[in-house]
Amino acid sequence: MEGIPTEDRVDADYRSYLVRKVIFIIGVLIGCIVVAGISLTINGRGIEFFDCYEYIIKHILGYEYEYRTEDWFNDYVLWNTYMPRVVIAIVSGCGLAICGVIMQSVFSNPLADPYTTGVSDGATLGATMAIVSGLTFANVAGSLGVVINAFIGALVPAVIIILISGAVRLSPATMILIGVALSGVFSGLQTLVMYSADPEELTAALRWGIGSFNQIQWSDCVIPALVTVIGSVLSIFMYRNLNLLTLGEASAKSLGLDVEQFKSLCMVLVAFMAAAIICYVGIIGFVGLISPHFVRMILGGDNKYVIPASMLVGSFFLLASDLIARLVVFPDELRVGLIMSVVGAPIFLYMIVKRKKGYGEVF
Amino acid sequence: MKIDIENISFDYSPAARVLSEISLNIEGAQVISILGPNGVGKSTLIHCINKILEPTKGVVMIEDKDVSEYSLKEVAKKIGYVPYSSSDTFPLTVVDTVLLGRHPHAGWRTTDEDLEIVFDVLEKLGIQDLSLRYFNELSAGQRQRVMLARGLVQKPEVIMLDEPTSNLDIKHQLGISRTLKQLSRDEGILVLMISHDLNIAARYSDSIVLMHQGSVYAVGAPSEVLTEDNIREVYGVDSRIIDEGGHPYIILKDLENEECPDLDNPHTCISPVLKVDESSGPESEEGVTCG
């Protein structure tokens with residue numbers, strides 16, 4: 001580097017530091033493609049890794065096979081039975097990871113995510129009420145009614161936490177305690193609602209307790225995918241505002257950000273995304289918490305990269321957890337939420353203990 | 001740049017009034033220090049100027065326009081703010097931290113011009129080598145410079161600093177103070193800083209605003225404001241003022257000519273006399289008046 005002016009050298013260093021981030025993101029993307037491919041190979045028809053992708057790509061390009069030939073069956077099974085599962089894993093991973101990034105930035109709290117703050121339980125209560133009693137806040141029937149109910153349910157803890165954090169300066173630990181309290185209230189209410197349920201409704205309602213991708217169909221992917229795409233685009237555009245929030249409220253405001261308005265917008269977005277996902281797959285903990293942490297440990301705190309990288313890491317975690325859920329008791333299946341908790345909680349503990357770059361310092 | 005504070009009051013509740021009917025007229029490129037005991041409302045006052053807080057009574061006028069009529073971004077283009085400390089929960093690198101100062105001017109993308117401005121300021125403050133270090137890995141003095149850089153890349157006409165020299169060793173206190181003085185002299189920036197160090201304020205300020213019980217007690221040149229009577233009244237401390245190169249130098253009376261009462265902390269008895277080569281003093285006729 002001798003002979004190169006300092007300014008150019010720093011500028012070059014900065015650009016290579018950006019390139020390293022992009023390389024990480026591409027690496028995780030490749031990881032997702034590999035894990036999704038392996039997941040697709042457990043298809044009961046012996047279709048190999050690359051053949052799976054060939055069928056999927058041909059299907060997307062509109063390729064049609066002769067009716068009831070082997071190719072037709074392979075395409076049919078892969079596309080209709082296994083592909084929705086991969087898509088919902090990707091969508092849920094992206095969505096929950098974004099919820100985690102946004103909540104952690106909004107509250108300057110490394111422990112915040114929909115699961116730890118009671119937002120997930122609020123959404124579950126809302127959904128349960130719609131399923132069991134047919135009671136919808138918005139008077140809309142069908143699955144949209146359930147989503148809207150879950151959204152309103154998710155909004156309640158979100159608003160309560162926003163109000164409390166506006167009045168009192170919350171330490172990360174205090175906020176989680178409030179989350180625990182709110183979760184307790186929502187779980188209690190949910191149990192109360194279930195008392196009035198008949199066995200069939202009870203089974204349907206219990207589905208939300210531990211998230212699962214079993215029996216997911218294309219029709220189940222539409223709303224979560226739509227909401228996640230909208231949420232992803234919005235959050236990627238908001239990256240700088242999220243960065244500003246991490247400086248502290250006074251600094252963010254002095255740099256031109258309307259902090260209160262932006263926080264409210266963020267919480268509505270989080271409630272909506274969490275609700276749309278939880279309605280279809282149930283509660284999956286830790287993914288929203290761990291993904292952003294994992295990314296920040298490697299890429300630093302700039303949300304411009306943390307948001308897309310967390311989306312991919314979240315997808316990777318859920319794809320991998322779902323793969324494990326399908327392999328552990330093969331040919332039966334476990335629930336992805338269970339695997340995520342069993343694998344995710346120790347990883348989170350490890351991250352807290354490791355504390356690279358001051359990370360995980362929660363109190 | 002002209003800031004007129006007209007009769008503002010601020011309270012969090014009627015029983016706890018923080019600011020009481022403050023009026024000040026500030027004009028021109030100069031260094032102004034706001035002094036006063038803890039809890040007197042110094043930070044609240046500057047927060048009312050850049051719209052972080054809204055006064056419960058009275059108005060703040062920037063360039064003859066009520067600050068409430070400006071958007072937060074418009075204010076941010078005119079006034080840079082360097083807080084007492086900055087959160088490091090999710091630390092960014094120095095360059096990314098400073099880049100956030102471009103927010104009021106920037107669109108969605110970071111342009112080469114933004115980066116150029118950032119690297120220029122980092123170089124000017126002598127911290128370009130820290131560019132890719134994380135904010136939480138820096139020393140207090142380095143953090144202070146990074147926060148100052150963030151304020152400067154806003155390209156403001158005014159920069160307000162909340163205790164910029166606290167937590168710094170004497171060398172860094174002098175370094176930051178000298179930088180601020182140069183900024184006002186060379187770049188025509190109005191520097192408004194809160195300080196607890198009377199001697200630093202006396203040495204580097206063109207004007208001093210002394211606050212007492214939520215109001216402005218005295219305003220003017222350091223030698224007019226920092227008098228033994230004023231210090232006794234506002235801080236409840238006896239002092240002796242000597243003239244040191246045309247600036248008042250304050251020696252706290254109970255430490256003067258006494259044996260050090262605290263042998264474990266002998267440095268508390270030593271009050272260093274500031275020696276700075278540059279000539280200072282108001283460069284213009286403009287100044288601060290109490291309205």
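This is a predicted model: local features need pLDDT of at least 70, side-chain atom pairs count only at pLDDT 80 or more; totals for chains, interfaces and linings use all residues.
H3(A) spans residues 70–106 and H8(A) residues 218–237; the two pack at an angle of about 35 degrees, and their axes are 9 Å apart. On the H3(A) side, the residues making this contact include Pro84(A), Val87(A), Val91(A) and Cys94(A), while H8(A) contributes, among them, Trp218(A), Asp220(A), Pro224(A) and Thr228(A). Sorted by class, the contact of H3(A) with H8(A) comprises 11 nonpolar, six polar and one charged residues.

H3(A) also packs against helix H11 of chain A, residues 259–281, with axes that come within 9 Å and cross at roughly 150 degrees. Because of that angle, H3(A) runs roughly antiparallel to H11(A). This crossing, too, is left-handed. From H3(A), the residues that meet H11(A) include Leu96(A), Cys99(A), Met103(A) and Val106(A); their counterparts in H11(A) include Lys263(A), Met267(A), Val270(A), Ile277(A) and Tyr280(A). The class count for the contact of H3(A) with H11(A) is 16 nonpolar, two polar and one charged.

Turning to chain B, strand S7, residues 158–162, is mostly covered, with five of its five residues buried. Cover is found on both faces of S7(B): Val158(B), Met160(B) and Asp162(B) are buried on one side, and Ile159(B) and Leu161(B) are buried on the other. S7(B) has strand partners as well. Strand S6 of chain B, residues 79–82, pairs with S7(B) in the parallel sense over four bridges, and within this pairing Val82(B) has Leu161(B) as its bridge partner. Strand S8 of chain B, residues 190–194, is also parallel to S7(B), with five bridges joining the two; here Met160(B) stands opposite Leu192(B).

Finally, the two chains meet: 30 residues of chain B are in contact with 31 residues of chain A. Helices H2 (72–78), H3 (94–99) and H4 (112–124) of chain B are the elements that each give two or more residues to the side of chain B touching chain A. Of these, H2(B) gives the most, with three residues. By class, this side of chain B holds 15 nonpolar, 11 polar and four charged residues.

Note on methods. Residues are numbered from 1 along each chain as its sequence is written. Chains are lettered from A and ligands numbered from 1 in the order in which they are written. Two residues are in contact if their C-beta atoms, placed from the backbone, lie within 7 Å. Ala, Val, Leu, Ile, Met, Phe, Trp, Tyr, Cys and Pro count as nonpolar, Asp, Glu, Lys and Arg as charged, and the others, Gly among them, as polar. Axes are lines fitted to C-alpha atoms, for helices over the stretch in contact, and angles run from 0 to 180 degrees between N-to-C directions. Angles under 35 degrees count as roughly parallel, over 145 as roughly antiparallel, 65 to 115 as roughly perpendicular and the rest as oblique. A crossing is left-handed if the near helix is turned anticlockwise from the far one by less than a right angle, and right-handed if clockwise. A residue is buried if 20 or more other C-beta atoms lie within 10 Å of its own, exposed if 12 or fewer, and partly exposed in between; C-beta atoms are placed from the backbone. Two strands pair if DSSP finds at least two bridges between them.
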